[in-house]
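Subject: Structure handover

Hello,

Here is the structure you were waiting for. Please open it alongside this email, as my notes follow.

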Amino acid sequence: MDHSKPLYEAILNGDDKASVAATRAALAANAHPMELVTTAMIPAMDEVGKLFEAQEYFVPELLLAGRAMRAAMDLLRPLLAASGAQPIGRVVIGTVAGDLHDIGKNLVASMLQGGGFEVTDLGTDVKPERFIEAVETFNADIVALSALLTVTMPAMKLTVDAMRAAGMRDRVKVMIGGAPVTRQYSDAIGADGYCESASGVVAMARNFIEERHSH
Amino acid sequence: MFGHSKKPLRCGFDLTIGAGHVFPEVNFTLPAINVEKATWSEVVAQYEEMATKILERAIALQVPGLVLEFELLPAMTSTPEWGAELTRLLESHLRRAHEKHGLRCALRVTPTDMRAQGMPPLLRSGAAWETMTRSFELCMEAGAHLISIESIGGKELHDPGLMYGDIRAIVFALGVLAPRDTAWLWDQISAMCAQNGGSFPAGDSACGFANTAMQLAHQHMLPEVLAAVVRAMSAVRSLAAFEHGAVGPSKDCAYEGPIIKAITGYPICMEGKSASCAHFSPLGNIAAAMCDLWSNESVQNVRLLSGSAPEAFTETLAYDCRLMNVASDKGDALRLRDWLTESDEWLSPQAAVLSPEATMSIAGAIVSEKGYYNRTIAAGLAAVAILRAGIQRKQLTLRVKEVQWLDRIEKELDSLAPAETKVTEEMMSQHGTEFDASSYGL
């Protein structure tokens with residue numbers, strides 16, 4: 001029996017009740033938790049991402065799919081942990097100091113969670129030292145910085161500089177985004193990547209992790 | 001009608017708003033710079049330069065009146081003395097321009113609503129509220145003529161509601177939480193203005209609600225029809241400011257302003273095509289149809305070929321207003337208003353709900369109901385009806401996906417309990433940890 005299809009469909013339809021039911025049914029039929037992740041959850045979220053890119057899905061459909069995936073993952077996580085499985089990567093995300101805007105940041109956080117990352121959201125107006133502390137606490141692979149105001153963009157540089165001073169720049173990738181942010185600015189402050197929209201974030205984060213594994 | 005409101009406001013240096021002419025409201029901000037003690041002299045120099053250049057350009061173009069808007073950046077609100085210092089600087093520039101050149105003018109000051117710092121945010125007490133209060137008081141003392149804010153009460157539930165397309169949460173945020181906060185906040189602001197004696201409580205904006213939806217729709221993240229319905233519903237929470245002391249002009253980014261003007265008769269500020277320096281909108285012309293002040297929303301102090309960006313946008317606004325005022329003087333204002341309307345009206349659902357006819361219809365739906373919650377649902381259903389009528393008449397063309405969302409929005413609005421207490425109970429049980437009930441008197 002194909003255990004993956006009902007779960008795949010439930011996630012695609014953003015139906016968290018159905019995704020939980022499908023996961024329970026699959027586990028009851030002895031499906032392997034990791035198999036459900038690789039054959040249903042990740043392909044479903046990839047498809048959702050494609051539909052969003054093609055403007056067939058709006059953000060609500062995308063986030064509901066993410067919620068359905070997380071509901072299924074809540075059932076699988078203890079089983080995966082027991083088998084020693086790890087998340088794809090760990091991300092610490094926040095809007096930089098002085099900036100209270102959070103919609104873009106929230107969207108990116110949800111997309112990363114949907115893409116299989118473990119995300120720690122520090123909220124808004126986050127000072128550099130809080131990012132540094134969170135990197136240590138959560139053993140983060142990636143720090144994602146958001147800013148909506150031109151006048152708070154310099155706080156991105158302060159954060160990157162502070163991470164460098166704390167001696168963690170070599171082991172943590174930094175990605176930045178927000179309406180006034182540009183690729184040039186990302187390069188100028190020494191960040192590792194810039195995403196113009198939330199939809200490219202998961203691919204960039206996966207690339208960061210793959211790069212790390214290849215070294 | 002643009003330039004005409006039933007209750008004009010005389011303020012600042014001999015400026016009467018809404019008495020027949022439209023005036024530019026110029027809004028300006030810093031280029032990328034840290035606002036901190038070490039850079040403060042540079043910050044002050046930037047504002048000095050912007051005020052000087054804007055007023056030079058306005059005087060050269062013989063504008064009959066002008067409003068400057070100073071939107072405080074977060075650091076200027078959290079250090080209230082900084083906001084007050086810049087307020088004093090801008091007021092002195094306007095005073096000199098009035099005394100030397102006879103320029104009729106006023107200064108609008110808009111502190112940042114900083115209360116969203118906790119989770120859930122505490123709105124009626126705490127350090128952030130106390131600092132904000134101090135910021136209001138010092139800016140008033142420093143010479144602010146008009147006081148505004150883009151208040152955020154209810155946003156903690158509205159943002160996730162938008163992102164998940166949760167219509168019930170959106171209605172609860174806009175129809176229960178947000179107006180309760182707006183009402184409370186404007187009682188405080190109005191009292192502070194009355195005590196100061198020199199400042200008017202001007203108006204609020206649903207920027208954090210409806211403009212968020214507008215920008216997300218622009219990026220294809222949300223359906224345009226949802227943004228249009230949210231706009232109509234958001235008028236109820238912005239109206240609450242006027243029910244609690246505000247006298248206009250409403251804030252420039254409050255695109256729901258025409259609905260408020262239709263209900264209250266107070267003057268409004270609007271922004272559209274000449275605010276493209278700040279953000280996209282599908283409302284470039286139609287936004288001008290009923291404005292009393294015409295704004296550029298915000299522009300950074302960067303160099304352009306013609307000078308600094310703030311002075312360039314002063315010129316753009318001056319010519320926009322000059323055209324509207326000549327149309328008024330020649331008795332052709334109605335024709336220009338209709339052209340401004342028709343050029344945008346059916347190209348976007350968001351424009352369709354802001355035509356004079358649509359705003360009257362939404363305003364009528366609002367005043368026909370009692371209570372914020374029922375008014376919010378009524379405004380939403382009125383917007384849905386306007387869009388449906390446009391589709392039926394083949395004036396509005398929507399993608400299938402948008403039509404599906406319109407169906408869903410209508411169904412969910414129709415299914416909401418008529419009693420506010422019932423939906424409040426439901427939302428308290430589902431989202432009770434996401435907002436501080438006491439901040440809303442719940």
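A residue is called buried here if 20 or more other C-beta atoms lie within 10 Å of its own. Please keep in mind that this is a predicted model.

**Helix H7 of chain B**

By that cut-off, helix H7 (residues 207–218) of chain B is mostly covered, with 10 of its 12 residues buried. The buried residues of H7(B) are B:Cys207, B:Gly208, B:Phe209, B:Ala210, B:Asn211, B:Thr212, B:Ala213, B:Met214, B:Leu216 and B:Ala217.

What do they pack against? In chain B, the buried residues of H7(B) pack against helix H5 (155–163), helix H6 (167–196), helix H8 (224–243) and helix H12 (349–352). They also pack against H4 and H5 of chain A. Just after H7(B), B:His220 has a positive phi of about 60 degrees.

**Where the chains meet**

Chain A puts 18 residues into the contact, and chain B puts in 24 residues. On the chain A side, the elements giving two or more residues are helix H4 (59–82) and helix H5 (103–114). H4(A) supplies the largest share of that side, four residues. By class, the chain A side has 11 nonpolar, five polar and two charged residues.

**Domains of chain A**

Contact between them involves 11 residues of domain 1 and eight residues of domain 2. On the domain 1 side, helix H3 (33–53) and H4 of chain A are the elements that give two or more residues. H4(A) again has the largest share, here six residues. That side divides into seven nonpolar, two polar and two charged residues.

**A helix pair in chain B**

Two packed helices are described by the angle between their axes and the distance between the axes. Helix H1 (residues 40–60) and helix H10 (residues 309–329) of chain B pack at about 30 degrees, with axes 8 Å apart. Angles under 35 degrees count as roughly parallel, so H1(B) and H10(B) are roughly parallel to each other. Their crossing is right-handed.

H1(B) makes the contact with B:Met50, B:Lys53, B:Ile54, B:Glu56, B:Arg57 and B:Ala58. H10(B) makes it with B:Pro310, B:Glu311, B:Thr314, B:Glu315 and B:Ala318. The contact of H1(B) with H10(B) has five nonpolar, one polar and five charged residues.

Best wishes

Terms used. Residues numbered from 1 in each chain as written. Chains lettered and ligands numbered in written order. Predicted model: local features only at pLDDT ≥ 70, side-chain atom pairs only at ≥ 80, totals over all residues. Contact = placed C-beta atoms within 7 Å. Nonpolar A, V, L, I, M, F, W, Y, C, P; charged D, E, K, R; others polar. Axes fitted to C-alpha atoms, helices over the stretch in contact; angles between N-to-C directions. Parallel < 35°, antiparallel > 145°, perpendicular 65-115°, else oblique. Left-handed = near helix turned anticlockwise from the far one by under 90°.
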